[in-house]
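Here is a short briefing for a first look at this structure. Start with the sequence and the model below, then follow the points by topic.

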Amino acid sequence: MSAITKIKGFADLFPPDSTAMLRMESAAREVFGRHGYQEIRTPILEKTELFARSIGEETDVVQKEMYTFPDRKGRSLTMRPEATAGVLRAYVENKVYARETVSKLFTFGPMFRYERPQKGRMRQFHQLNCELLGAEEPHADAEVVVMLWDFLGTLGIPDLALELNSLGCRECRPAYHEALKAFLAGLDTDALCEDCRRRMHTNPLRVLDCKVPTCKALVEDAPKITDHLCAGCADHFAAVREVLDGANVAYTLNPRLVRGLDYYVRTTFEVVSGAIGAQSAVAGGGRYDGLIAQLGGPDAPGIGFACGMERLALLLPPVQAARPDFYVAVLDPAGLTAGMLLAKGLRDAGLGGECAFAAKSMKSQMRAADKAGARACLLLGGDELAVGTVVIKNMATGGQRSVSRADVAEVARAVREAAG
RNA sequence: GCGGGAGUAGCUCAGUUGGCAGAGCACAUGGUUGUGGCCCAUGUGGCCGAGGGUUCAAGUCCCUUCUCUCGCCCCA
């Protein structure tokens, strides 16, 4: 029989990878919670229509990366490729906007995109998402960005760069697009790389982002979106920056920062790292006024971000695994039950540790205690069984003493003492 | 969807012109009949990714295929 393997691009997480996920989730609950954000959970499976309408029919995500399939009655369902659409659907469907004018929500969990896996990219990956709904003011944008920066700082991630841009709005963006297209049309097209010749028509903003040196040089003097913002967008962007400056959040303005999802307007931002391979974006987000209405809700504004947990995990400083307080070594089979019950009593007293299942040699039990990293080893052999005691050995100093087993509180005290 | 790299023990990897599958680490047991780490000894562990071909003989050469990995596209 051949063994069944996991699906390409999906992962099994054991410690320390699984504990890294837990660390990120705990930090998220703490930091986002302090900012008044509440955790919500939405389904992993949604109607395909939801993503087609929110992310954009023409985006790569919708065109070729979604896990889409019919259910048993022929309805088209999709494994969520991102979280914002589902959160907004829940916001609209549950009429959250009728209960409160501003909603602060966060969520995390698995997302699915059918792409070729590589470093920092999996077909099932995990994101942390925050959404601030119902606030159009620039200070809302600023709060979200500052909160993201604080979150990453809490985790101790080094050498991250924050990039900031404004994409303008429905008023000023079309004019910029025309200006950019005109500029590109005036270039020597043959000098551009193959990808850029295609991008000129499919997604002209992307040409500005090309890594090929010749392309970079050619678009050096391309018009910048930030020079084409309308008065409203320019004021908004300036106010956002004022808060970031005051909060000492270091950022760079990147007029070439493009977001791949159609729904972004005005403020967009991205956090990148140079230490995790080609997929360098750790987090990204922006404002999406109009999207809620597009999903059948009220004309409420919104802003949020997504943070890639696998990419973040590549950057998390390692932490030492927690060490158990004790290990009960049983030397005589007749003591196995007494050992189990002793361990239970210690756990009831708030300590952590394990007891052997089989009576083996002293050497192998001590090795087991050492391997487990136990701070104290409890020895239960024939002698102790006969007189009702247990020997407590301090694994760091090697010192040991005998304690009566009858008083669990006393045993626990001795273990705590040995455990430091 | 398109490129590059790699598949040999649980892990990291050697393996010569084709000639009996190896090392280190890890794991188990012992060196000490009740004392861990360091050291030493012994042991467990392999369809050499899979299938086909050439050959007296294939981990090694040829073909096919699968998987992993890095990159492109794109994104978190």
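T42 sits in the loop between strand 1 (38-39) and strand 2 (45-47). Helices (H or I, at least four residues) and strands (E, at least two) are DSSP runs, numbered from the N terminus. This is a predicted model: local features need pLDDT of at least 70, side-chain atom pairs count only at pLDDT 80 or more, and totals for chains, interfaces and linings use all residues. Residues are numbered from 1 along each chain as its sequence is written, chains are lettered from A and ligands numbered from 1 in the order in which they are written, and side-chain values use heavy atoms, with hydrogens and water left out.

**T42**
- T42 counts as buried because its relative accessibility is 14% (buried means under 20% relative accessible area, exposed over 50%, partly exposed in between; 1.4 Å probe, protein chains only).
- Neighbours within four places in sequence aside, T42 touches R80, G86, V87 and A90 (contact means heavy atoms within 4.5 Å).

**Helices 2 and 4**
- The axes of helix 2 (residues 48-55) and helix 4 (residues 84-93) come within 10 Å and cross at roughly 105 degrees (axes are lines fitted to C-alpha atoms, for helices over the stretch in contact, and angles run from 0 to 180 degrees between N-to-C directions).
- Helix 2 is therefore roughly perpendicular to helix 4 (angles under 35 degrees count as roughly parallel, over 145 as roughly antiparallel, 65 to 115 as roughly perpendicular and the rest as oblique).
- L50, F51 and S54 of helix 2 make the contact with A85, G86 and R89 of helix 4.

**R173**
- R173 belongs to helix 7 (residues 173-185).
- With 19% relative accessibility, R173 counts as buried.
- Beyond neighbours within four places in sequence, R173 is in contact with L167, Y264 and V265.
- A polar atom of the R173 side chain lies 3.4 Å from the backbone oxygen of L167.
- C233 is 60 residues from R173 in sequence and 10 Å away in space, C-alpha to C-alpha.

**Helix 17**
- The buried residues of helix 17 are V411, A412, A414, V415, A418 and A419.
- They lie on the same side of helix 17, because they cover an arc of only 160 degrees around the axis (the arc is that of the directions from the helix axis to the C-beta atoms).
- On the other side of helix 17, R413 and E417 are exposed.
- Cover for the buried residues of helix 17 includes helix 14 (336-348) and strand 12 (326-330).
- Just after helix 17, G420 has a positive phi of about 75 degrees.

Methods: A polar contact is a pair of N or O atoms within 3.5 Å; within protein, one must be able to donate a hydrogen and the other to accept it, and residues adjacent in sequence count only if both atoms are side-chain atoms.
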